[in-house]
Amino acid sequence: MVGYKIKKGILYVLLVILAISCLLPFMLMVVNSTRSGAEISTSFTLMPSNHLVENWEIMSGYFNLFRGMLNSLLVAVPATLLGAYFSALTAYGLAMYKFKGNKVIFMAILIFMMIPGQLSLIGFYQLCTKLHLVNSYIPLIIPAIASPGTVFFLRQYILSSLSNSLVEAARIDGAHELYSFHKIVMPIISPALATMGIMGFIGNWNSYLLPMIILNKNEKFTLPVMMATLRASLDMVRNQGATYLAVTISVVPILFVFCFFSKYIISSISAGAVKE
Amino acid sequence: MFKNRRKLTAYNNWGYFFVAPFVIVFLIFSVYPVLRTLYLSFTDLKVMGDAKFIWFANYKRVFTDKFFWKALGNTLRIWGVNIVLQLGLAFLLMMVFSDVKYKMSGLPVFRVLYYLPNLIAATSVAFLFNTLLDWRYGTFNIMISQIYKLFGARYSPVDWLGNVSTAGHTIAVIQSWMWFGNSFIMLMAGVQGISKDYFEAAAIDGAGRWTIFGKITLPLIRPIMMYVAITSLIGGLQMFDLPFLMSNAASASYGSIQTVMMYLYKFAFTAGTIQTGFASAIAYALFLIILSASLIQLKIFNRKE
């Protein structure tokens, strides 16, 4: 029995060590953003120093991180909302109505869920050039309307959680189809919508390759693209503290979202695994 | 009766209305680009100008290009180390948390902590580790040298991302650090989906914990393990963000961490080296490789069953 307790204790210690290894880089990031470049380069500590303001000023000299954050919001918020709304609309249409082409669309969704993104990348860029959409946020927002993965997930959810009789009762009462969708269907599927919405937001907020290809003006850069330009400026090696501060600021909004919605995020990953 | 059916058909016609926005955007921004890339892969388009149809010449060039094979080898090597660490760790954690003898608690908290690195944008992760791992001024090397000092030894700093021998592994470790929590949550979801009755029945029959793990847990989460393995292969073969952001074209290690996607990026979007037709062929070649790898994986998993 004693051996059992000791073994269990050892397991907990190992789990905590692993948790610390997940947190340590973030702790170093926060601490280092208050230390000067010289301090960071010579010693290691987890005690904060008093160079935060100085680092802030150095960082502001390189770029306007809040501009990047605003740009990211301008892309991620509309893309998330449009994606959630139109995916729900499509999923409901596929789940509830029998019409010609329904099966074809569903097959296309399944196929495109499996096609890797790089197949469309070059054609997508060419299309944007042709339509004069380079440096516009439209190619980063509008395609969210057609998100095969989200439609698939919501369709399964509607089929399992929405009973036909509810909608039929509304029909007998003379409700318009769109009215039923907004007032009956949307509230019922709202947990699934929240899950998909949060994952969509994080995906859009963190997206790097596509914005980097579509945007080439500094003032249009989203946060990840702006962060990546840090790499080019070699001076930053001397200004380590400032770079840590920049990373910290870029990470905070996502940590904030995570604090409130971790339940939804975990459940969406779990759902992704068991949907098979 | 007849009237009713007509009414139902009228209702069903609403389906077109509901799916119309999706279909329009889908055709323009998903289907067209994929087909356009396919068409371009058969042409000799460089940056601009007229494209001449050259059949399979680009594909022939891709499959005989030693840099393509080198990039594929790099991708597979980084992915291989990554997947062993990532799935291995996730699997061990799943064993610990599903163990019937120890009944570990605290899963909700640990799950959230382990998932944390996956939330952060790859650009931020890359930049954080670029700075932490800087060989002269980075905190990581300074940490190690302080530990060495404690024991009276001298540590000569390692250039983790600059050395050919360490760069790929370093990126693989960071990639695993980012993704093991995700895999762990998926595996745990599988374990929690198993009906409690199985475990209880096995306990009544006097089955030991290893028997329970081997005969109940393992077979029942096999589909999820397959799902995790296949999605990570598809994602892994398209690896781009981390190696792209953590490498430097001027450094010695560049040739050992250039992935297929980085090679594609060079010909598709880097000014001066753009060869759109060739890049499109790389995209489709990679797709064919991903497709056959997934099919092989499926076969292997199904045969064991």
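**Exercise 1. Helix H10 of chain B**

Determine which residues of H10(B) are buried in this predicted model, and where the helix bends.

*Solution.* 
Step 1. The buried positions in H10(B) are B:Ile212, B:Ile216, B:Thr217, B:Ile221, B:Ile224, B:Met225, B:Val228, B:Gly236 and B:Leu237.
Step 2. An α-helix has 3.6 residues a turn, so residues three or four places apart point the same way.
Step 3. Helix H10 of chain B covers residues 209-237 and bends by about 50° at B:Arg222. A proline, B:Pro223, follows within four residues of the bend.

**Exercise 2. The largest nonpolar core**

State how many residues form the largest nonpolar core, and identify those that touch the most other members.

*Solution.* 
Step 1. The core holds 145 residues.
Step 2. The residues touching the most other members come from chain A, with A:Tyr92 and A:Leu154, and from chain B, with B:Phe184, B:Leu187, B:Leu264, B:Ile282 and B:Ala283.
Step 3. In chain B, domain 1 (1-40) and domain 2 (56-128 + 162-304) both give residues to this core, so the core lies between them.
Step 4. For B:Phe184, once residues up to four places away in sequence are set aside, the residues touched are B:Ala90, B:Leu93, B:Met94 and B:Tyr114.
Step 5. The C-alpha centres of domain 1 and domain 2 of chain B are 35 Å apart.

**Exercise 3. The contact of chain A with chain B**

Describe how many residues each chain gives to the contact, and which helix of chain B gives the most to its side.

*Solution.* 
Step 1. Chain A supplies 69 residues to the contact and chain B supplies 72 residues.
Step 2. On the side of chain B that touches chain A, helix H2 (residues 14-40) gives the most, with 18 residues.
Step 3. By residue class, this side of chain B comprises 52 nonpolar, 16 polar and four charged residues.

**Exercise 4. Overall form of each chain**

*Solution.* 
Step 1. Chain A has 14 helices and zero strands.
Step 2. Along the principal axes, the C-alpha atoms of chain A fill a box of roughly 75 × 70 × 35 Å.
Step 3. Chain B likewise has 14 helices and zero strands.
Step 4. The corresponding box for the C-alpha atoms of chain B is roughly 80 × 65 × 35 Å.
Step 5. Buried residues make up 43% of the 276 residues in chain A, and 40% of the 305 residues of chain B count as buried.
Step 6. Among contacts with a separation of 6 or more in chain A, 75% are between residues 24 or more positions apart. For contacts in chain B between residues at least 6 apart in sequence, 70% join residues at least 24 apart.

**Exercise 5. The position of B:Lys70**

Decide whether B:Lys70 is buried, partly exposed or exposed.

*Solution.* 
Step 1. B:Lys70 lies in helix H4 (residues 66-98) of chain B.
Step 2. A residue needs 20 or more other C-beta atoms within 10 Å to be buried, and 12 or fewer to be exposed.
Step 3. B:Lys70 has 15 other C-beta atoms within 10 Å, and is therefore partly exposed.
Step 4. B:Lys70 and B:Gly255, although 185 residues apart in sequence, are 8.2 Å apart in space, C-alpha to C-alpha.

Conventions:
Residues are numbered from 1 along each chain as its sequence is written. Chains are lettered from A and ligands numbered from 1 in the order in which they are written. This is a predicted model: local features need pLDDT of at least 70, side-chain atom pairs count only at pLDDT 80 or more; totals for chains, interfaces and linings use all residues. Helices (H or I, at least four residues) and strands (E, at least two) are DSSP runs, numbered from the N terminus. Two residues are in contact if their C-beta atoms, placed from the backbone, lie within 7 Å. The bend at a residue is the angle between axes fitted to the seven residues ending there and the seven starting there. A nonpolar core is a set of buried Ala, Val, Leu, Ile, Met, Phe, Trp, Tyr and Cys residues joined through C-beta atoms within 7 Å. Domain bounds come from an automatic or database domain assignment. Ala, Val, Leu, Ile, Met, Phe, Trp, Tyr, Cys and Pro count as nonpolar, Asp, Glu, Lys and Arg as charged, and the others, Gly among them, as polar.
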